[in-house]
Amino acid sequence: MLTFTSPSALLALLGLLVPLAIYLWNRRPGPEVAVGSLRWLAAGANRRLRNLKPEQLALLLLRAAVLGALAVAVAGPAWRQARPAGRGQVLVGPELAGTPALAAARPGLDSLRRRGYALRWLAPGLPAVAADSLGRYRGPAAGDFAWARVQQAVDSFPGQPLRVLVASTLRGLQGPHPPLPAAVRWQLLNPAVPEATWLAEAAGTPDSLRLLVGRSIATQTTFLTLAVARPAGGAPLRAPGLGPLRYLTAADGTGQLRPDSAAQGPGLAVAGPLRAVLYATPGHAEEARYLRAALQAAALGLAVPLQLATTTAAPAPAAGVEWLFWLSDAPVPAAWRAAAARGVHVWQAAAGPGAADTARLVAPAAGAAAVALFRRAQGPALAGGAPLWADGRGRPVLVRQAVGQGALYQLTTRLQPAWSELADSPALPALLLEVLRPGPAADAPAALDAHDQRRFDPAQLSVALGPRIAASSLPVTAFTFADLRPWLVLLATLLFAVERWVARRTAASSSTSAA
């Protein structure tokens, strides 16, 4: 079947009208006749117009054929024909190698292999599975994006039925899920581990430890906070759902929880209390009371206790202080800005009288009422800072500027009723909690994925899952395309050569006749 990649280019065939028009209007001059009067010559010319006859028809057809072949070549012609269905492919997730679930599915795999199916690992490059090597996998890391790998297999093996065997855990099917053809059949195998329990975070006080324990099952992942007595250095620690732990202390006083068995994973550092200093001048005393109350409410959501000290004298940077709340019209001292580069977080409220304004804080919290803003600080915000809070006009309300290991925070309003409704808003502690809570560690997502046992919902698959691997396949039509443009260009070249030969022959014949 003939198809065109650019059908609109066929409009170039209209160019054939040009040589046709030239041919029809081309008239050879008549011979000169010696007569006594010009009226006989005019009458002869009129008779030639009325008796116009085609001349050099072969040249016209050759030239039109050359232009037509080039015009069709520009349209991108291709010959499409159905490709015979190839053998199918069975894609096996490497995470199933050597598992009892894959061993139970072995009879179905052997049946498909006898029917001509090829076995491949669902990994980069889709490597073939060697004979009797389903018990081990030594290739590159497969990653957690099995759906994307299947999409690559669909593109690599068009027209072939695909059977996909992967673990049913949710972490293996991350990323977008584009629609897949009906020839893709899934079988989700349940791994052997029914649930997982792990220690996610640990924080300490002088006499106790606060543990965040994660538990993941087939339907959900939950976290539970446990409070246990702090053991002596080197003493064992037992917590419900966790294996044997040992509490170790370093020379600087920091602690670490390490499993007794190396198979349980690496140790986890015990975080200490969050130490903060709140400095307020007499003009900001009211704001200091609101901020202190909001910080104490936000501390209930922290994994570590909050140690907040309030002072009216300008403090100097001290060891262990992680937060400074600077409520003063004076600029933050250079010593504290230098401490920010070493990991301190510095919060500065709006300075000066400010300017009247009317705006609302965007989405302060889920289900909370909108927070009105009445005044704003004059002057630009922190250069290069990222807005954490913004109003309905897109202007920043709280800006964060990263400085080394710490950061500078600038609030463009104040926690006072004359400036905003933030002081009385129940959303303020939740907003402050998101600011105070440290960001997740670089390996936190990977650690969560390693313990995530949630199952993928089969209803999200594009086709229904069968109870076993089906050997039949749906008919899938794939096509091959043969590009005809080189042949058309070659044909145009040959026709042009023939046209030149005919033109020279015609010219030579006309010269001989005239002689």
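Arg454 and Asp452 meet through their side chains in a salt bridge, 2.8 Å from N to O. The term salt bridge means a side-chain nitrogen of Lys or Arg within 4 Å of a carboxyl oxygen of Asp or Glu. Asp452 is buried, at 4% relative accessibility. Arg454 is partly exposed, at 29%. Buried stands for under 20% relative accessible area, exposed for over 50%, and partly exposed for what lies in between (1.4 Å probe, protein chains only).

This is a predicted model, in which local features need pLDDT of at least 70 and side-chain atom pairs count only at pLDDT 80 or more, while totals for chains, interfaces and linings use all residues. Residues are numbered from 1 along each chain as its sequence is written, and side-chain values use heavy atoms, with hydrogens and water left out.

The structure holds nine salt bridges. Another one joins Asp357 and Arg395, at 2.9 Å from N to O. Asp357 sits in strand 18 (residues 355–361), and Arg395 in the loop between strand 20 (386–390) and strand 21 (396–403), so the pair ties together parts that are 38 residues apart in sequence. Strands here are DSSP runs of E, at least two residues long, and helices are runs of H or I, at least four; both are numbered from the N terminus. Asp357 is buried at 13% relative accessibility. Arg395 is partly exposed at 23%. Both belong to a network of salt bridges that also links Arg376, Asp391 and Arg393.

Now look at helix 5 (residues 106–114). Asp110 and Arg106 are four residues apart in this helix, about one helical turn. They form a salt bridge, with the closest N and O atoms 3.2 Å apart. Asp110 is partly exposed at 26% relative accessibility. Arg106 is partly exposed too, at 25%.

Four strands form it, open and parallel, in the order 4-3-5-6. Strand 4 (118–121) and strand 6 (184–189) are the edges; each has a single partner strand, so one side of each lacks a neighbour in the sheet. Two strands count as paired if DSSP finds at least two bridges between them. Strand 3 (residues 89–92) and strand 5 (residues 162–167) pair over four bridges. Within that pairing, Leu91 has Val164 as its bridge partner.

Trp487, Leu490 and Leu494 make a nonpolar patch of about 360 Å². Leu494 lies in helix 11 (residues 485–514). Patch residues have over 30% relative accessible area and no salt bridge; like charges are joined within 9 Å, and nonpolar side chains (Val, Leu, Ile, Met, Phe, Trp, Tyr) within 5 Å.

How values were computed. Accessible areas come from the Shrake-Rupley method with a 1.4 Å probe; for residues, only the protein chains shown count as cover.
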